[in-house]
Amino acid sequence: MRTNWQIFQPYFKPLEVPAKTILLEEGKVSKTMYFIEKGCLRTWVNHDGKEITTHFFFEGDSVSSMESFRTNRPSLYSIESIEPTFLQTLTQHDFQIILDNSPELKKALEEHLFRRLFESQQMAFSYLKNNPKKRYDELLERHPHIVQRVPQHYIASYLGITSVSLSRIRNRR
């Protein structure tokens with residue numbers, strides 16, 4: 001017996017991209033959802049010409065500008081590969097077919113979106129309540145793999161500090 005995922009496999013198209021590939025530009029409409037088989041992606045916003053990293057994604061994660069993907073409005077952020085990445089892609093149209101034909105996958109999407117919302121809230125509150133060292137300590141505790149795989153300047157941007165400040169924090173440990 002095939003699982004729902006296997007049934008819908010023909011809708012997915014493979015895509016291999018090198019590091020530093022922009023998959024979605026801020027301000028463009030998201031037409032594709034990405035599922036990471038191998039590699040790492042980040043989302044980021046442009047603030048007066050400065051890139052501010054907002055999230056990291058790894059193997060097993062799905063990534064899109066969900067708001068844009070579902071509403072056809074411009075994306076609030078860019079999606080970029082950090083390292084060579086192998087993806088499975090899904091179009092808006094095919095995504096809707098899958099959702100319409102699989103209550104289980106629709107429920108899984110709902111749970112995924114709730115987790116993402118919760119993570120975003122945690123990060124927002126951390127910015128409000130914690131100093132940079134505490135934010136870094138929380139990152140190490142919750143997501144140690146990020147520190148192992150992501151370049152320091154992206155981590156610093158994600159934490160809202162400079163690379164120099166991050167180096168100081170790391171050297172004090």
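This is a predicted model: local features need pLDDT of at least 70, side-chain atom pairs count only at pLDDT 80 or more; totals for chains, interfaces and linings use all residues.
Hi everyone, let me start with arginine 135, which is buried yet has no salt bridge. Its nearest side chain of opposite charge is glutamate 138, and that sits 7.4 Å away.

Leaving aside residues up to four places away in sequence, arginine 135 touches Ser126, Tyr127 and Asn130, along with Leu159, Gly160 and Ile161.

Ser126 brings us to helix 4, where it is one of the buried residues, together with Leu109, His112 and Met123. What covers those buried residues? The cover includes strand 6 (62-63), helix 2 (66-71), helix 3 (92-101), helix 5 and helix 7 (152-159). As for its geometry, helix 4 has 27 residues and spans 39 Å from its first C-alpha to its last, close to the 39 Å expected at 1.5 Å a residue.

Now let's walk off the end of that helix. Between helix 4 (103-129) and helix 5 (132-142) there is a loop, and asparagine 131 lies in it. Is asparagine 131 buried, exposed or partly exposed? Its relative accessibility is 46%, so it counts as partly exposed. I like what its side chain is doing: a polar atom there lies 2.8 Å from the backbone nitrogen of lysine 134, and the backbone nitrogen of lysine 133 is 3.1 Å from a polar atom of that side chain.

Four of them form an open sheet in the order 1-8-3-6, with antiparallel pairing. Strand 1 (13-17) and strand 6 are at the edges with a single partner strand each, so each has one side left without a neighbour in the sheet. For strand 6, the antiparallel pairing with strand 3 (residues 32-38) runs over two bridges, and phenylalanine 35 has serine 62 in strand 6 as its bridge partner.

Last stop, the hairpin. Strand 4 (residues 41-47) and strand 5 (residues 50-57) are paired in the antiparallel sense over seven bridges. Here arginine 42 stands opposite phenylalanine 56 in strand 5. Two residues sit between the strands of this hairpin, and aspartate 48 takes a positive phi near 55°.

Conventions: Residues are numbered from 1 along each chain as its sequence is written. Side-chain values use heavy atoms; hydrogens and water are left out. Helices (H or I, at least four residues) and strands (E, at least two) are DSSP runs, numbered from the N terminus. Buried means under 20% relative accessible area, exposed over 50%, partly exposed in between (1.4 Å probe, protein chains only). A polar contact is a pair of N or O atoms within 3.5 Å; within protein, one must be able to donate a hydrogen and the other to accept it, and residues adjacent in sequence count only if both atoms are side-chain atoms. Lys and Arg count as positive and Asp and Glu as negative; His and the chain ends are not counted. A salt bridge is a side-chain nitrogen of Lys or Arg within 4 Å of a carboxyl oxygen of Asp or Glu. Contact means heavy atoms within 4.5 Å. The expected span of a helix is 1.5 Å times one less than its number of residues. Two strands pair if DSSP finds at least two bridges between them.
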